[in-house]
Amino acid sequence: MTVNWLERCVADSRQFLATHWRTAPAVLRPHDPPVDVLTTAELDGLLDHGLLKAPYVNLVHEHGQLPAHRFCVPRVVLGEVVEDYADAAAVRALIRDERATLLLRYVDQWHRGVRTLAQGVGKELGRQVEAFFFLTPGGTQGRPVHRDDADVLAIQISGAKRWRVHGGPADGNWEPAREDGDPGELLLDTVLRPGEVLYVPRGFAHRASAVGDSPSAHLSLTVREAGTAHLYALLQALLHDGPDLGDRPLGDAALAGAAGALLAHCRRTLETITPEELVEQARTVMRCPLPGTV
């Protein structure tokens, strides 16, 4: 049976794309939310296994991130000292005593269930999707008001979290960073419960805080868009994939012939690809699980 992972996040993908995508924040209530792909119980087990390393695991609070040496320890592997293994006891102590938020980065790279979810959503949207897991102590705010260079689907796993979402940037001169100025009009102020999903469009300022005494856990799927750097790199690769002229000394006539062959290849390539195709190919390359594969 084929699973439509986007439907598990947004309920009705057609309506979502027509109504909310890149337009407005929304609380979504899918019939079968993917709250089972990574539970807090499994998270405890992952910490106790002792194989999580920074920067995949980090601790943050509203004012920044904690240095790795406060929650990581070195180990001796094959006679060599390997740094930055997360220490479960230290992580739990900092969450308890300093009210730090546990942040797991790029979970799709090292957790099979989350990878399946991220790749499934990415296939439906035609974009690269990365996953981040947040465990926030009750009554605290893990990160300040900020803007992400990605669309976000925040899946509430356990507990409750209050989200406040403001408008998008006034123009194209913005960066994905902390918003120290006026974040703009408040568009959405809501408390997310387990199984609910919040959609935040790319660039819309937002912040989240755990409600009540219990910790709040959510999984954020960040939907990345291609940028000019991706287009340039892909075009370079396409132009580079030309005739094999070898690397040898050439006389004047041979050198001019080689230049002509290269120019002819570039012209053919540029004539046969449209701007829309270049964008789609860039998005496809971004979704590849391994560098250099398509």
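A: Three strands make an open sheet, ordered E10-E9-E12, with antiparallel pairing. Strands here are DSSP runs of E of at least two residues, helices are runs of H or I of at least four, and both are numbered from the N terminus. Two strands pair if DSSP finds at least two bridges between them.

Q: Which strands stand at the edges?
A: E10 (186-192) and E12 (206-210); each has a single partner strand, so one side of each is left without a neighbour in the sheet. The twist averages 10° from one strand to the next, with axes being lines fitted to C-alpha atoms and angles running from 0 to 180 degrees between N-to-C directions.

Q: How many bridges join E9 to E10?
A: Six, with E9 covering residues 161-166 and the two running antiparallel. Trp163 has Thr190 in E10 as its bridge partner.

Q: Before we go on, what am I looking at, and how is it numbered?
A: It's a predicted model, where local features need pLDDT of at least 70 and side-chain atom pairs count only at pLDDT 80 or more, while totals for chains, interfaces and linings use all residues. Residues are numbered from 1 along each chain as its sequence is written, and side-chain values use heavy atoms, leaving out hydrogens and water.

Q: OK, what about E4 and E5: how many bridges there?
A: Five, between E4 (residues 72-77) and E5 (residues 80-86), in the antiparallel sense. Val76 stands opposite Val81 in E5. Two residues sit between the strands of this hairpin, and Leu78 takes a positive phi near 55°.

Q: Which other non-glycine residues have a positive phi?
A: Ala11, at about 75°, and Tyr106, at about 45°, are two of them. Most residues other than glycine have a negative phi, and most peptide bonds are trans.

Q: Where are those two found?
A: Ala11 is in the loop between helix H1 (5-10) and helix H2 (13-19), and Tyr106 is in the loop between strand E6 (101-104) and helix H5 (112-125). Ala11 is partly exposed at 24% relative accessibility, and Tyr106 is partly exposed at 30%. For the cut-offs, buried means under 20% relative accessible area, exposed over 50%, and partly exposed in between, with a 1.4 Å probe and protein chains only.

Q: Where's the cis peptide bond?
A: Between Ala54 and Pro55, with omega about 10°. Pro55 is in the loop between helix H3 (40-49) and strand E2 (57-61).

Q: Back to H5. What span should it have?
A: Its 14 residues should span 20 Å at 1.5 Å a residue, and the end C-alpha atoms are 20 Å apart, which agrees. The expected span is 1.5 Å times one less than the number of residues. Just after H5, Gly126 takes a positive phi of about 70°.

Q: Which of its residues are buried, and what do they pack against?
A: Val114, Leu117, Ala118, Gly120, Val121, Gly122 and Leu125 are buried. The buried residues of H5 pack against H1, H2, E7, strand E8 (151-158), strand E13 (216-224) and helix H8 (275-287); contact means heavy atoms within 4.5 Å.

Q: How many residues has the largest nonpolar core?
A: It has 47, and those with the most contacts inside it are Leu59, Leu102, Leu117, Val121, Phe133, Leu153 and Leu221. H5 gives the largest share of this core, five residues. Apart from it lies another core of ten residues, including Trp163 and Val165. A nonpolar core is a set of buried Ala, Val, Leu, Ile, Met, Phe, Trp, Tyr and Cys residues joined through side-chain atoms within 4.5 Å.

Q: What about Thr136: buried or exposed?
A: Thr136 counts as buried, at 3% relative accessibility. Thr136 lies in strand E7 (residues 128-136), and its side chain makes a polar contact of 3.4 Å with the side chain of Thr101. A polar contact is a pair of N or O atoms within 3.5 Å; within protein, one must be able to donate a hydrogen and the other to accept it, and residues adjacent in sequence count only if both atoms are side-chain atoms.

Q: Last one: how far is Ala258 from Ala217?
A: Their C-alpha atoms are separated by 60 Å, with the two residues 41 apart along the chain. Ala258 sits in helix H7 (residues 252-272) and counts as buried at 13% relative accessibility. Not counting residues up to four places away in sequence, Ala258 touches Leu245 and Leu250.
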